[in-house]
Amino acid sequence: MRPYTIAVLPGDGIGPEVVAEAEQVLEVVGERFGIRFILQRFAVGAAGVAAAGDPLPDATRAGLTRADAVLLGAVGDPALDQAPWHLRPETGLLALRALLGVFANLRPVSVLPALVGRSPLKPDRLRGVDLLIVRELTGGLYYGEPRGRRESRAVNTLTYSVVEVERVARIAFAAARRRRNRVTSVDKANVLEVSQLSRDTVTRVRREYPDVHLDHLYVDTAAMRLVSEPTAFDVILTENMFGDILSDEAAVLAGSLGMLPSASLGGGPGLFEPIHGSAPDIAGRGVANPIGAIASVALLLRHGLGLPDAADAVDRGIEQAIETGARTRDIAEPGGPELGTRAMGERIAEAVRIAECGVRSGDSLGDSALRIPHSALE
Ligand code: NAD
Ligand code: IPM
Ligand code: MN
């Protein structure tokens, strides 16, 4: 088997702490399955500014061209919150997503039975939650022009083309086919022309997927339903900013923001990152939850490299560590035992060494890689 080159971008704050555990798990996967991973580290975010005066340095851009997949920790540094735009860590992340062309951001959300009690929501609402947010990632308010700020006024632009909506909608419908055949498209079509265009476009694309049920919700109602009746959702399809907000809200279902992974796909190398940020409030203390980063490794193996058995082992390893009581501070019982980031990573890595795979295989998208439908790239 040829070696796989993974570009590893630890980033800032807790990014390097959780990525170290993700790397350890990759190493165990390599040993167990006889796969050679070549990990190449590059700076991004505030780390890029410190190393090269750029949140996405040229050396990082160049490194990406050799990568089969990209694993990222998090970016963000309060010391740069007032920095000019081109020096902000977040600008580097947005440039990275645009460079890779990863227009579809998949954020799966499920509730492990042992963690039902860790969410502030009522247990009867949480059992059986299994949803997937498909967030458009390279358009919308984040990228629209004109943008800028003057003394007494600032502007950002919300714009989407039909093609941008079509291609991400196809990902959502293709994903739903591997799940429970239901897509809820979330927008603000009662107020925004952009949402009206997207609602019409999604409705039209659905005709290519007649077996998939489609409904539409306004984003305010969706935000309410996500916590009052989360089991009602299968695939949620939405634009960039709404998806950002709804996915942090959905993390409350799983027990902690530190639990959720993501896969960003666009046809070339995928980008895999936990959904949380650099968490400056806990950075440097070794207490961050590495599960979002490690679960992102499972997504990388399955959907980035097409290695389902290895991905299964990582998913099962996480489940087994949780089932046997391993808890970082964010998901610990009040007064109960807590593991640091390192110890949690070790517990999962040990479990991955021996975890069952290929039997009860697959994540919530099935056991084979979710590939971008050809029609989405035309
Ligand atoms: P955040 O996600 O960093 O943290 C929010 C809260 O969740 C904090 O209390 C934090 O301690 C907690 N938390 C986050 N991840 C955790 C983990 N793995 N384990 C335990 N607790 C965890 O959001 P924020 O504080 O609003 O933003 C901080 C910085 O991160 C900002 O600069 C922001 O722009 C950036 N950010 C980056 C990304 C990314 O890189 N993808 C995502 C979100 C925010
Ligand atoms: C995320 C983050 C980023 C986003 C920020 C840091 C640019 O919140 O990955 O969810 O809004 O996409
Ligand atoms: Mn976010």
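The second largest pocket takes the largest share of its lining, five residues, from α11. A word on terms: helices (H or I, at least four residues) and strands (E, at least two) are DSSP runs, numbered from the N terminus. A pocket is found on a 1 Å grid over the protein atoms alone, as an open set of points with protein on both sides within 12 Å along at least five of seven lines; a cavity is a set of points where a 1.4 Å probe fits but cannot get out, and lining residues have an atom within 4 Å of a point.

Before going on, this is a predicted model, in which local features need pLDDT of at least 70 and side-chain atom pairs count only at pLDDT 80 or more, while totals for chains, interfaces and linings use all residues. Residues are numbered from 1 along each chain as its sequence is written, chains are lettered from A and ligands numbered from 1 in the order in which they are written, and side-chain values use heavy atoms, with hydrogens and water left out.

Back to that pocket. About 600 Å³ of space lies in the second largest pocket, where a volume is the space filled by probe spheres set on the grid points, and points are joined across faces, edges and corners. It has 25 lining residues, and S110, L112, D315, E319 and D363 are the closest to its centre. At least two lining residues each come from β4 (104-110), α10 (291-304) and α11 (308-323). By class, this lining has 14 nonpolar, four polar and seven charged residues. Here Ala, Val, Leu, Ile, Met, Phe, Trp, Tyr, Cys and Pro count as nonpolar, Asp, Glu, Lys and Arg as charged, and the others, Gly among them, as polar.

Now the largest pocket, at about 790 Å³. Its lining has 29 residues, and E90, L93, L94, R97 and Y142 lie nearest the centre. Which element gives the most to this lining? That is α4, with six residues. The elements supplying at least two residues each are β3 (69-74), α4 (89-100), α9 (240-254) and β12 (270-274). The classes are 13 nonpolar, seven polar and nine charged. Domain 1 and domain 2 each provide at least three residues of the lining of the largest pocket.

That brings in the domains. The chain is divided into domain 1 (1-108 + 256-370) and domain 2 (120-254), with bounds from an automatic or database domain assignment. Their centres, taken over C-alpha atoms, are 23 Å apart. The contact (heavy atoms within 4.5 Å) takes 23 residues from domain 1 and 26 residues from domain 2. The two domains bury about 2100 Å² between them, 61% of it on carbon and sulfur atoms. Buried area is the accessible area (1.4 Å probe) that two parts lose on being put together, summed over both. On the domain 1 side, F103, R107 and L365 lose the most area to domain 2, together 31% of what that side buries. How many salt bridges are there between domain 1 and domain 2? The count is zero, a salt bridge being a side-chain nitrogen of Lys or Arg within 4 Å of a carboxyl oxygen of Asp or Glu.

The structure holds two cavities of 30 Å³ or more, and the largest cavity has a volume of about 180 Å³. Of its 18 lining residues, Y160, V165, S198, T238 and E239 lie nearest the centre. Two or more residues each come from α6 (162-177), β8 (182-187), α7 (193-206) and β10 (235-238). The most come from α7, with four residues.

Last, the backbone. Most residues other than glycine have a negative phi, and most peptide bonds are trans. The peptide bond from E145 to P146 is cis, with omega near 5°, and P146 sits in the loop between β5 (130-136) and β6 (148-149). N181, in the loop between α6 and β8, has a positive phi of about 60° although it is not a glycine.
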